Amino acid sequence: MRPRAKSKPNSRALRVAPTVPLWAMSFGPSALRGFPVTGTGGRVEYRLARNAVVSEFRKGRLSRLDVCDAHPELLRAARNVGVALAESCPICEETEVVHVTYVFGSRLPKNGRCPTNPTELARLCRRPDEVACYVVEVCPNCSWNHLARMYPAGGRHRVTASRARRGNG
Ligand SMILES: [Zn+2]
């Protein structure tokens, strides 16, 4: 006889909020492709992970449905406030990809703050509370998306930055 308990291994993982679908709650950092499982406290580049996904797509192991699934909010941000890169989309190769930055931290909206210009981003990075800035590569055409990098700012990182500017190390 097969043990029945092993027949539904995913039920607990999916039940983060029993009554509310995940997407309806917020656009959190965990919704971003390549979101790190462990925090390091420092800047993290995700170029290698991103290239691995692109490579899998080109080998036919991932479909467009797998990789072109940007959340509607992320797409809207990409079209309105995305910073254009001189780099065409690795998936559709028709449009230049853009970078969208989300800032997460205490006393910020649960779904993060998406600064609309460099001044607002700089102000968020000078906050007394530590924040985490997530930069996402997005294609506004085909909805390709992947985390590009994460860097901490504000709090002790803000102090470090101002000391560095004064030349005190
Ligand atoms: Zn594309």
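**Chain order.** I read the elements along the sequence and got the pattern α-α-β-α-α-α-β-β-α-β-β-α. That comes to seven helices and five strands. Helices (H or I, at least four residues) and strands (E, at least two) are DSSP runs, numbered from the N terminus. The model is predicted, and local features need pLDDT of at least 70, side-chain atom pairs count only at pLDDT 80 or more, while totals for chains, interfaces and linings use all residues. Residues are numbered from 1 along each chain as its sequence is written, and side-chain values use heavy atoms, with hydrogens and water left out.

**Burial.** I looked up the buried share: 40% of the 169 residues in the chain. Buried means under 20% relative accessible area, exposed over 50%, and partly exposed in between, with a 1.4 Å probe and protein chains only.

**Zinc site.** I listed the protein donors of the zinc ion and found Cys89 (SG), Cys92 (SG), Cys139 (SG) and Cys142 (SG), lying 2.3 Å from the ion. Donors are N, O and S atoms within 2.8 Å of the metal (3.2 Å for Na, K and Ca); water is not among the atoms, so sites may look incomplete. The arrangement is tetrahedral because the four donor atoms subtend angles of 105 to 117 degrees around the zinc ion. For four donors, tetrahedral requires all angles to lie between 85 and 135 degrees. Along the chain the donors follow the spacing C-x2-C-x46-C-x2-C. Cysteine 89 is in the loop between β2 (83-88) and β3 (96-105), and cysteine 142 is in the loop between β4 (131-138) and β5 (145-153); this pair links distant parts of the chain, 53 residues apart. Both cysteine 89 and cysteine 142 are buried.

**Two positive phi angles.** Glutamate 93, in the loop between β2 and β3, has a positive phi of about 55 degrees although it is not a glycine. Glutamate 93 counts as exposed because its relative accessibility is 53%. Serine 143, in the loop between β4 and β5, is not a glycine either and has a positive phi of about 75 degrees. Serine 143 has a relative accessible area of 14%, so it is buried.

**Cores.** I looked at the largest nonpolar core, which has 17 residues; Leu74, Val100, Tyr102, Tyr134, Val136, Val138 and Met150 have the most contacts inside it. A nonpolar core is a set of buried Ala, Val, Leu, Ile, Met, Phe, Trp, Tyr and Cys residues joined through side-chain atoms within 4.5 Å. Two or more residues each come from α5 (72-81), β3, β4 and β5. Another core, of 13 residues, lies apart from this one, and includes Val54, Cys89, Val97 and Cys139.

**Second largest pocket.** I noted a volume of about 220 Å³, the space filled by probe spheres set on the grid points, which are joined across faces, edges and corners. On a 1 Å grid over the protein atoms alone, a pocket is an open set of points where a 1.4 Å probe fits, with protein on both sides within 12 Å along at least five of seven lines; lining residues have an atom within 4 Å of a point. Of its 13 lining residues, Val83, His99, Thr101, Pro115 and Leu121 are the closest to the centre. β3, α6 (118-125) and β5 give two or more residues to the lining, and β3 gives the most, with three.

**Threonine 116.** I placed threonine 116 in the loop between β3 and α6. Its relative accessible area is 48%, so threonine 116 is partly exposed. Its C-alpha atom is separated by 8.4 Å from that of glycine 82, 34 residues apart along the chain.

How values were computed. Tetrahedral: all angles 85-135°; square planar, octahedral: opposite > 155°, others 65-115°.
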